[in-house]
Amino acid sequence: MTKKYKNGQLMKLLTILGAIVGLVYLILRLTDIGDQYQVLPIDVGVHIVVNFIIGLVVVIFTFWVALKPNNPIPFHWFVLLILAILLFVFVDIIAGVLVLIAFLIGLIEDL
């Protein structure tokens, strides 16, 4: 059973914008490896690459939820909450805030 939100288009727009901002931030952070860390570049570089891969998977799932709702990941406020938390942790605060706003819109409509 699929849930249709009145503000579904706005929620999708915010989710897509969050994913785009997250992808841009990941690319910028990956290209800026040499300038950020001077001590132990191999160890810190591996951490950044692993964080990039996990962040990229989260961004892809975020795009997937917004562009193909309910196929196979449901477009639901709870899924948006999980994606917002993962974007906060692995990508960037701004990307997470955009998806968090979409989550709040869906939660308010569901109540």
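This is a predicted model: local features need pLDDT of at least 70, side-chain atom pairs count only at pLDDT 80 or more; totals for chains, interfaces and linings use all residues.
**Entry 1: α1 against α5**

I began with helix α1, which covers residues 8-31, and helix α5, which covers residues 93-110; their axes lie 7 Å apart and the packing angle is about 165°. Since angles over 145 degrees count as roughly antiparallel, I therefore note α1 and α5 as roughly antiparallel to each other. The crossing in which α1 passes α5 is left-handed. I then listed who makes the contact: from α1 come Leu10, Met11, Leu14, Thr15, Leu17, Gly18, Val21 and Gly22, and from α5 come Ile94, Ala95, Leu98, Val99, Ile101, Ala102, Ile105 and Gly106. Sorting these residues by class gave me 12 nonpolar, 4 polar and no charged.

**Entry 2: α4 against α5**

I next looked up α4 with α5, and found an angle of about 165° with the axes 8 Å apart. By the angle, α4 and α5 are therefore roughly antiparallel to each other, and α4 passes α5 in a left-handed crossing. On the α4 side the contact is made by Trp77, Leu80, Leu81, Leu83, Ala84, Leu87 and Phe88, while the α5 side contributes Ile93, Ala95, Gly96, Val97, Val99, Leu100, Ala102, Phe103, Gly106, Leu107 and Asp110. The class count for this contact of α4 with α5 came out as 15 nonpolar, 2 polar and 1 charged.

**Entry 3: Phe90**

I turned to Phe90, which lies in helix α4, a helix that spans residues 77-90. Which residues does Phe90 touch, if I leave out those up to four places away in sequence? I found Leu26, Arg29, Asn51, Ile54 and Gly55.

**Entry 4: the largest pocket**

Last, I looked up the largest pocket, which holds about 170 Å³ of space. I recorded 10 lining residues, and those that lie nearest the pocket's centre are Lys3, Lys4, Tyr5, Lys12 and Phe75. By class, I have the lining of the largest pocket down as 3 nonpolar, 4 polar and 3 charged residues.

Definitions and conventions
Residues are numbered from 1 along each chain as its sequence is written. Side-chain values use heavy atoms; hydrogens and water are left out. On a 1 Å grid over the protein atoms alone, a cavity is a set of points where a 1.4 Å probe fits but cannot get out, and a pocket is an open set with protein on both sides within 12 Å along at least five of seven lines; lining residues have an atom within 4 Å of a point. Grid points are joined across faces, edges and corners, and a volume is the space filled by probe spheres set on the points. Ala, Val, Leu, Ile, Met, Phe, Trp, Tyr, Cys and Pro count as nonpolar, Asp, Glu, Lys and Arg as charged, and the others, Gly among them, as polar. Axes are lines fitted to C-alpha atoms, for helices over the stretch in contact, and angles run from 0 to 180 degrees between N-to-C directions. Helices (H or I, at least four residues) and strands (E, at least two) are DSSP runs, numbered from the N terminus. Angles under 35 degrees count as roughly parallel, over 145 as roughly antiparallel, 65 to 115 as roughly perpendicular and the rest as oblique. A crossing is left-handed if the near helix is turned anticlockwise from the far one by less than a right angle, and right-handed if clockwise. Contact means heavy atoms within 4.5 Å.
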